[in-house]
Amino acid sequence: MRYRSTVAVLASMTLLAGCTADPPAAPTKGGTSATPSGAPTLSGPYAAFAAGMSKPVVDPLYPERGTDAVDVLHYGLDLDWSPTKRTLTGTATVHLRPTRDASSVSLDFTPYTLDTVTVDGTSAKAAVTHEKLVVETPVRADVPITVVVGYHGKPSTTPMPSKRGDAHPLGLTVDSEGGIWTMQEPFGAFTWYPANEHPSDEALYDIAITAPKGWTGVASGTPVGQSGTTFTYRSTVPVASYATTLAVGRYKKLAATGPRGIPVTTWYRAKDTRYLPMLKRSPGFLTWLEERFGPYPFDSAGLVMVESGSAMETQQMVTLGEVQPQRGDRMFDLTTVHEYAHHWFGDAVTLTDWRDMWLNEGWALYVQKLYEQDKYGLSDAELVASSRQRDGELRREYGPPSKPDPAEFGATNVYTCGAAMLRQLHQALGDERFFDLARGWVQENLHTQQTRASFTAYVNKKTGHDFTALIDTWLDSPTTPPETGPLAR
C-alpha cells in the first residue's frame, strides 16, 4: 500500500543500497492459505468457493473491524450507481462459513437502508448498528450459509486512523462530477458492501456494476464483460477487502498487452488525456517486475484514475490519484511501480494482521528504490548516506516498524525502516541469492496470509542461514542498528 502523497513519501523516506496469461496455481504450503491446513471440506454449491477459505483472526490494532467468527468465502455484489441521485443500490450475496456456533452473524457495514435480508432463501431479522450488520440466525461451526442483503442509500466515508497530512476519509467517495471511487486501507470496504473487514479473511468476488449510459463501472478483479451498461469483474483467487476497489465515471479505455500476453487496461478521464504517454507505461513496469520477482500473480492488470492525491495497490486494478502524473515522469513512475510491486508483495502474499504492515510496505518501497537505481541512476552512496539518518529520525518519532501505533496508520517508519531491513538482507546475500529469496517468497506462498514469524522462517530455510537476529534487530530496535556486511561465500 502507498496510501499517501508521493511527494510526502519520497521526501520523508530515503534508502538504501543495495506465454500464457493464466496465473500460477495456488501453493499447498506456506502460511495461512485460502485453504488452511485442517480446514473442513466444502461440499455442494460451496465447493466452488474453496479457494476463498481463510482462518480469520482478531486484529490487535483495530479489533473493532472484522471478526474471527466468520470466514467469508465469496462475495457476489450487484451494484447500481445513480450519479444524479448520488445513490448506491446494491444486492450483496455473501457465502460464508461460521467458525463457531452462534445465535447470529455480523459483518461490517455502513447504515444503508436495508431492503431485504435472507439466509438460505428465508427472510431474516437484521439491523445495522455501530457500523455492524447483525443478522439474527442460528449458525453452526463449519456449516456454510448464504446471506443476501438488499440495500440502498447515499454513501458515507469513515475516518482514516492517522494524523498524516495527506490522509483523507476512507471508503466510497463521491467525486465532483457525481462519480465514485474508493481508497480503503486499513478498512473502508464496508462503506459499499457488507464485509468481514480484515485482511486475514480473503475471499473470492464477483462484482457487477450498472451505470448510466456514457458512464463506466470499474472494479478489482478480471474483466468478464459488459452487458448494456453493466460491467462485470471476477476474482477467482482470494482478495482482502482493503484491496478491492470500485469506481464509476466517464472513463475512456486504454487496452494494452503486458508480459506473457497479460491484458492491461487503463481507465482514464478526458482530463487525463495529456498524461497518456505516462499511462501507457504499465506493461513495461510489469515486465521489469516479472524479471526480478517471477510471473505476475494474476491474469489481468490495470489502473484507474480517480480524484485523489494518493494511490493504492488495489488487486489487479491500481487506483491512481490524479495528482500523481502532475508531479512529473519520475514521481509518476516511482509511484506506479510501487503500487504494482504490491501486487506481488501485499496482494498475492498478504499480511495476516496490521502489525505486519512493514511486510507489505517495506518490500514495495525497496522494490521502488531498486527501480529508481536501475532507471534513474540513483547511486548506492546517495541511498545509504540519506537512509540511515532518516531511519533514525523515524524510529525516534514513530518507534520501530514492528510496533505501529493504531492512531498513526501508515506512518513512514513501516516503509523506510522495513525497507532498510531488506537492504541488509540484500547486502548479506548478494544479488543472485536475494532475488531468489524474493521470487520464492511470492511464488511459493501465492494467495496466502503471512506473518513476521513465517517470513523469518522462510528466509532462514531458503538461504540456509539464520537471519533471525538481523530481522529482529531491524524490526524491533528503537535506534538504527549497525550496518552488516555480506555473508562469507
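This is a predicted model: local features need pLDDT of at least 70, side-chain atom pairs count only at pLDDT 80 or more; totals for chains, interfaces and linings use all residues.
User: What length should helix 9 span, and what do its end C-alpha atoms show?

Analyst: At 1.5 Å a residue, the twelve residues of helix 9 (residues 452-463) should span 16 Å. The end C-alpha atoms are 16 Å apart, so the two values agree.

User: Which residues of helix 9 are buried, and what covers them?

Analyst: An α-helix has 3.6 residues a turn, so residues three or four places apart point the same way. In helix 9, the buried residues are Arg452, Phe455, Thr456, Tyr458, Val459, Asn460 and Thr463. Their cover includes helix 6 (357-376), helix 8 (413-443) and helix 10 (468-476).

User: How do helix 3 and helix 8 pack?

Analyst: Two packed helices are described by the angle between their axes and the distance between the axes. For helix 3 (residues 282-293) and helix 8, the angle is about 100° and the axes are 8 Å apart. That makes helix 3 roughly perpendicular to helix 8. Helix 3 brings Glu291, Arg292 and Phe293 to the contact, and helix 8 brings Phe435, Ala438, Arg439 and Gln443. Of these residues, three are nonpolar, one is polar and three are charged.

User: In what order do the strands of the open sheet lie, and which stand at the edges?

Analyst: Strands of a sheet pair through backbone hydrogen bonds, either parallel or antiparallel. Here three strands lie in the order 4-8-7, with antiparallel pairing. Strand 4 (105-108) and strand 7 (125-129) stand at the edges, each with a single partner strand, so one side of each has no neighbour in the sheet. Strand 7 pairs with strand 8 (residues 132-136) over five bridges.

Terms used:
Residues are numbered from 1 along each chain as its sequence is written. Side-chain values use heavy atoms; hydrogens and water are left out. Two strands pair if DSSP finds at least two bridges between them. Helices (H or I, at least four residues) and strands (E, at least two) are DSSP runs, numbered from the N terminus. The expected span of a helix is 1.5 Å times one less than its number of residues. Buried means under 20% relative accessible area, exposed over 50%, partly exposed in between (1.4 Å probe, protein chains only). Contact means heavy atoms within 4.5 Å. Axes are lines fitted to C-alpha atoms, for helices over the stretch in contact, and angles run from 0 to 180 degrees between N-to-C directions. Angles under 35 degrees count as roughly parallel, over 145 as roughly antiparallel, 65 to 115 as roughly perpendicular and the rest as oblique. Ala, Val, Leu, Ile, Met, Phe, Trp, Tyr, Cys and Pro count as nonpolar, Asp, Glu, Lys and Arg as charged, and the others, Gly among them, as polar.
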